[in-house]
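Here are a few notes to read alongside the coordinates. I have kept them as numbered points so that you can check each one in your viewer.

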Amino acid sequence: MSAALARPGRPRGLALDQPLIVLALLLCWQGAYAYAGSSAITSPLATIAYAASMLQQGWFWSNVGATALAFFYSLVIASLIGVLAGLGLGLWRFAGDVTEPVLAALYTIPKVTLYPLILLLFGLGLPAKVAFGVIHGVIPVTLFTLAAVKGLPPVLLRSARAMRLSPRQTLLHVLAPAVLPEIFTGLRVGFSLTLLGVLIGEMFASQKGMGFLILNGINLHNVKLTTAVVLIVVVTAILANAGLLAADKRLRRQR
Amino acid sequence: MADGLAGTASVPGAASLAAPGSPHASMRGVTRVYPGAAPVHALGPIDLDLARGEFFSVVGPSGCGKSTLIDVQAGLAVPSAGEVTFEGRPVSGKVPDGIGVVFQEDASFPWLTVTDNIAFGLRRAGVDPAEVRRRVEYAVGFMGLRDFARAYPVQLSGGMRQRVCIARTLVLQPRLILLDEPFGALDQQTRLLMGDELLRLWRETRATVLLITHALDEAAMLSDRVGAMSARPGRFVDLLETGWPRERDSSLVAEAGFGAITARLWSHLRAESLKAMGGAPP
């Protein structure tokens with residue numbers, strides 16, 4: 001029994017891997033600061049101190065709010081469209097086979113080249129930022145969902161038919177749980193790319209948001225501001241991604 | 001067995017579904033052709049009557065339409081011609097109540113524990129939770145899965161996963177059990193032991209069993225009757241009665257008559273397999 005239920009554990013030594021990686025990154029950062037000087041980048045300690053002080057400022061939080069709102073809308077829209085399109089294309093095999101290479105090709109296009117078009121379509125402000133976030137995130141979510149449905153073992157759906165499940169029961173109790181881990185992986189990738197899209201959108205044409213703060217810092221040569229905002233964005237993204245990765249692993253644990 | 005998995009007695013009106021003496025399930029002139037630019041005639045014409053409570057096995061060369069036969073009888077596929085019935089009613093395109101199917105591939109749901117896998121069909125059918133618990137507990141014990149009730153399929157061996165799938169089908173109390181090479185992926189020893197378990201289940205449930213297998217010894221050991229199929233399009237080239245008593249197990253393989261049955265099956269299967277491979281029998 002114990003042998004049959006044995007699971008591979010976490011290899012010894014991996015408990016130290018994450019602190020060591022953080023330490024290595026900090027050392028690299030310090031090295032870059034020593035090499036390029038304060039006109040290009042601020043030191044880790046100075047950046048952390050400035051970032052901490054920014055957290056006390058109202059203007060900082062209003063920019064965080066602007067990014068969070070655009071990101072929230074983008075992620076919801078990209079996820080909904082991506083999951084529904086992926087499910088539809090996966091279930092309608094012919095359409096999926098035709099569309100998949102087209103989507104894969106679109107995925108490789110540098111989305112920033114579409115930005116003038118987005119601006120013409122949506123104008124300056126929130127809609128353009130959301131649209132830019134969506135076009136970054138929607139394709140990976142669609143492709144992951146499509147691959148999940150196409151990769152579903154046919155015997156699971158045959159079993160559902162053999163147990164006389166209705167189409168609704170099959171969708172809810174067989175198809176959805178079977179493809180959930182792959183869809184979640186797609187959402188995790190989509191999360192990162194949507195955030196990237198929103199930040200780039202804010203850098204190009206916005207008067208508010210974390211992307212705007214970064215570009216504003218660059219334009220004003222405010223290295224301290226630029227580095228601190230980048231640090232906050234990176235730490236937030238890493239923490240969020242780590243949480244999603246943990247949830248992803250948890251979903252896959254019993255597979 | 002009233003508290004166990006037997007379904008025949010507990011199914012209201014089951015006896016009235018077919019006149020006494022009529023076959024429990026039957027196929028009349030059934031063919032199956034897969035359409036396309038070059039249509040593939042996979043099966044038939046097939047005529048087959050299964051008596052209530054009979055254990056019938058089908059052997060045949062690869063690609064002869066054995067699985068198609070199961071699909072058509074189950075209602076998972078529509079025959080191109082002919083008539084399929086179960087308990088006197090036509091079967092076409094939908095699995096009727098009372099038929100259970102076990103597939104060759106692992107069909108356990110990886111996101112559910114053993115217990116939840118077995119209870120799955122009952123819960124979807126809206127069976128009373130107390131009844132679900134009773135049937136699942138019995139099935140878990142009966143199939144030797146008690147120590148693994150809370151395990152996930154990934155933690156089980158191939159044989160145990162197949163037992164989960166069999167249990168999931170049996171708790172639905174099918175009166176006709178269709179088994180499509182359920183032990184195909186298992187080693188010889190495990191297959192023999194699983195065969196013993198299958199015989200025990202068959203006796204306890206009093207269900208009719210249609211087993212597809214590529215193993216001649218399995219067919220000879222388990223069955224009341226064995227049908228040998230031709231190369232594609234699959235037709236029955238021989239139907240033989242084993243004459244085994246209802247109380248039997250894998251020790252039958254040592255019986256003198258066992259070799260004669262497998263030899264007769266092999267004589268058909270060898271010729272048909274050579275045909276299927278494109279060669280002619282010597």
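1. Start with the salt bridge between the side chains of A:R158 and B:D71, where nitrogen and oxygen lie 3.2 Å apart. Please keep in mind that this is a predicted model. The pair crosses between chains: B:D71 belongs to helix α1 (residues 66-74) of chain B, and A:R158 to helix α7 (residues 154-162) of chain A.

2. For a distance check, note that the salt-bridge cut-off is 4 Å. A:R164 is partly exposed because its relative accessibility is 42%, and B:D97 is partly exposed because its value is 48%.

3. Now the contact as a whole. Chain B brings 28 residues to it and chain A brings 21 residues. About 2,400 Å² is buried between the two chains, and carbon and sulfur atoms give 64% of that area. On the chain B side, B:W111, B:R124 and B:Q155 supply 28% of the area that chain B buries against chain A, more than any other three residues.

4. Over all chains, a search of the whole structure finds 18 salt bridges. One of the pairs within chain B joins the side chains of B:D106 and B:R161 at 3.1 Å, N to O. B:D106 is partly exposed, as its relative accessible area is 33%, and B:R161 is partly exposed at 25%. In chain A, a network of salt bridges links A:D97, A:E100 and A:K150.

5. A nonpolar surface patch on chain A deserves a look. Its members include A:L69, A:F72, A:Y73 and A:L126, and the patch has about 800 Å² of accessible area together. Which element gives the largest share of the patch? Helix α3 (residues 58-91) of chain A does, with eight residues. A:L80 is found in that helix, and its relative accessibility of 51% is why it counts as exposed.

6. Helix α7 (residues 256-276) of chain B has 21 residues and spans 31 Å from first to last C-alpha, close to the expected 30 Å. Its buried residues are B:F258, B:I261, B:T262, B:L265, B:L269, B:E272 and B:S273. They pack against β3 (55-59), α6 (216-222), β9 (225-229) and β10 (236-241) of chain B. After the helix comes B:G278, which has a positive phi near 95°.

7. A:P167 counts as exposed because its relative accessibility is 71%. Its C-alpha atom is separated by 35 Å from that of A:V130, 37 residues away along the chain.

How values were computed
Residues numbered from 1 in each chain as written. Chains lettered and ligands numbered in written order. Predicted model: local features only at pLDDT ≥ 70, side-chain atom pairs only at ≥ 80, totals over all residues. Heavy atoms only, no water. Patch = residues over 30% accessible without salt bridge, like charges linked within 9 Å, V, L, I, M, F, W, Y side chains within 5 Å. Areas by Shrake-Rupley, 256 points an atom, 1.4 Å probe, with all protein chains shown as cover. Helix = DSSP H or I, 4+ residues; strand = E, 2+ residues; numbered from the N terminus. Buried < 20%, exposed > 50% of the residue type's maximum accessible area, 1.4 Å probe, protein only. Expected span 1.5 Å × (residues − 1). Contact = heavy atoms within 4.5 Å. Buried area = accessible area lost by both parts, 1.4 Å probe.
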